[in-house]
Amino acid sequence: MRIAIVGRKADTGNYVKYVQSMGATPAITLNTGEASCCDALLLPGGGDITPAFFGEKNHGSRNIDTELDILQLQALDLAIHRGLPVLGICKGLQIINVGLGGTILQDMNCQNVKRHAYDHGDKYHAATIAGSCWLSSLYGKEMTVNSAHHQAIKELGSGLTAIQHCPEDGCIEAVSHRTLPIIGLQWHPERINEAITGVNGRKVLAYFLSLVSVSGEALK
């Protein structure tokens with residue numbers, strides 16, 4: 001099972017180890033054609049998305065890589081066209097949202113940034129999971145997640161449902177698509193500290209790989 005990771009090799013080490021931890025084969029690539037020939041797509045964390053891609057000027061976005069944004073959005077489109085499962089993590093979640101017509105809050109207010117922003121390591125905070133969904137089947141209704149971001153989803157993209165929030169500020173922490181095998185997390189399952197949180201991040205990957213198996217059967 002080959003999982004395409006569309007990103008730069010220097011920035012994807014944690015995601016490679018994460019995919020390998022469950023016996024899948026990571027394919028780090030900037031070639032969207034190669035990505036679409038894999039069994040699934042993982043969109044990793046990174047800098048901020050070029051604001052023009054969601055119809056705004058820059059109001060606090062930073063560490064922008066427009067070339068990478070274009071490639072990741074193209075890879076998402078191809079994955080949707082082929083019916084491939086997609087997992088977005090942190091920036092990857094936001095790429096999914098923008099690719100489906102949603103928008104991004106470019107800079108959360110100072111109080112919220114302190115709760116979520118990376119500063120000498122991940123921040124940890126509570127998150128609640130709504131109703132019956134794939135995430136609640138893994139972790140129940142409440143959990144502790146790790147954050148490293150200063151942006152968040154503002155308006156949801158077409159077909160997406162928010163299934164997890166930070167109860168202190170309403171920040172969307174996870175989404176699921178209503179009809180497609182697309183899931184996304186604002187937090188980082190590939191590096192979450194289980195000793196601190198009690199959360200095993202590999203459960204997310206196991207669920208994602210189950211989507212790959214189902215999708216593979218459907219494509220035969």
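A residue counts as buried here when its relative accessible area is under 20%. By that cut-off, Tyr-139 and Trp-187 are both buried. The model is predicted.

**Aromatic pairs**

- The count of aromatic pairs comes to two.
- Trp-134 and Tyr-207 are stacked, because their ring centres are 5.0 Å apart and their planes stand at 5°, where stacking requires planes under 30 degrees apart.
- This pair links distant parts of the chain, with Trp-134 in helix α6 (residues 134-139) and Tyr-207 in helix α8 (residues 202-219), 73 residues apart.
- Trp-134 has a relative accessible area of 7%, so it is buried, whereas Tyr-207, at 24%, counts as partly exposed.
- Tyr-139 and Trp-187 form an edge-to-face pair, with 6.2 Å from centre to centre and 70° between the planes.
- Here too distant parts of the chain are linked: Tyr-139 lies in helix α6 and Trp-187 in the loop between β11 (182-185) and α7 (194-197), 48 residues apart.

**Nonpolar cores**

- The largest nonpolar core has 33 residues.
- Ile-3, Leu-135, Tyr-139, Trp-187, Val-204 and Phe-208 have the most contacts inside this core.
- Helix α8 gives the largest share of the core, six residues.
- Not counting residues up to four places away in sequence, Trp-187 touches a set of residues including Ile-89, Cys-90, Leu-135, Tyr-139, Met-143, Val-145, Ile-192, Val-199 and Val-204.
- The contacts of Trp-187 also include Asn-146, Gln-164 and Glu-173.
- A second, separate core has 27 residues, among them Cys-38, Leu-43, Ile-96 and Val-98.

**Helix α3**

- Helix α3 (residues 66-82) has 17 residues and should span 24 Å at 1.5 Å a residue; its end C-alpha atoms are 24 Å apart, so the two values agree.
- The buried residues in α3 are Leu-68, Asp-69, Leu-71, Gln-72, Leu-73, Ala-75, Leu-76 and Ala-79.
- These buried residues pack against the strands β1 (2-6), β3 (40-43) and β4 (86-89), and against the helices α2 (32-36) and α4 (91-99).

- Strands β3 and β4 pair in the parallel sense over three bridges, and Leu-43 stands opposite Gly-88 in β4.
- The chain runs from β3 through α3 to β4 in a right-handed β-α-β crossover.
- Strands β4 and β11 also pair in the parallel sense, over four bridges.
- Ile-89 stands opposite Leu-185 in β11 and is one of the residues that Trp-187 touches.

**Val-212**

- Val-212 lies in helix α8 and, at 4% relative accessibility, counts as buried.
- Apart from residues up to four places away in sequence, Val-212 touches Met-1, Ile-3, Asp-39, Ala-40 and Pro-85.
- One of these contacts, Ile-3, is among the residues with the most contacts inside the largest nonpolar core.
- Val-212 and Ile-196 are 16 residues apart in sequence, and their C-alpha atoms are 30 Å apart in space.

Technical notes: Residues numbered from 1 in each chain as written. Predicted model: local features only at pLDDT ≥ 70, side-chain atom pairs only at ≥ 80, totals over all residues. Heavy atoms only, no water. Phe/Tyr/Trp six-rings, centres within 6.5 Å; stacked < 30°, edge-to-face > 60°. Helix = DSSP H or I, 4+ residues; strand = E, 2+ residues; numbered from the N terminus. Buried < 20%, exposed > 50% of the residue type's maximum accessible area, 1.4 Å probe, protein only. Expected span 1.5 Å × (residues − 1). Contact = heavy atoms within 4.5 Å. Pairing = 2+ DSSP bridges. Right-handed = clockwise from strand over helix to strand, strands pointing away. Core = buried A, V, L, I, M, F, W, Y, C linked by side-chain atoms within 4.5 Å.
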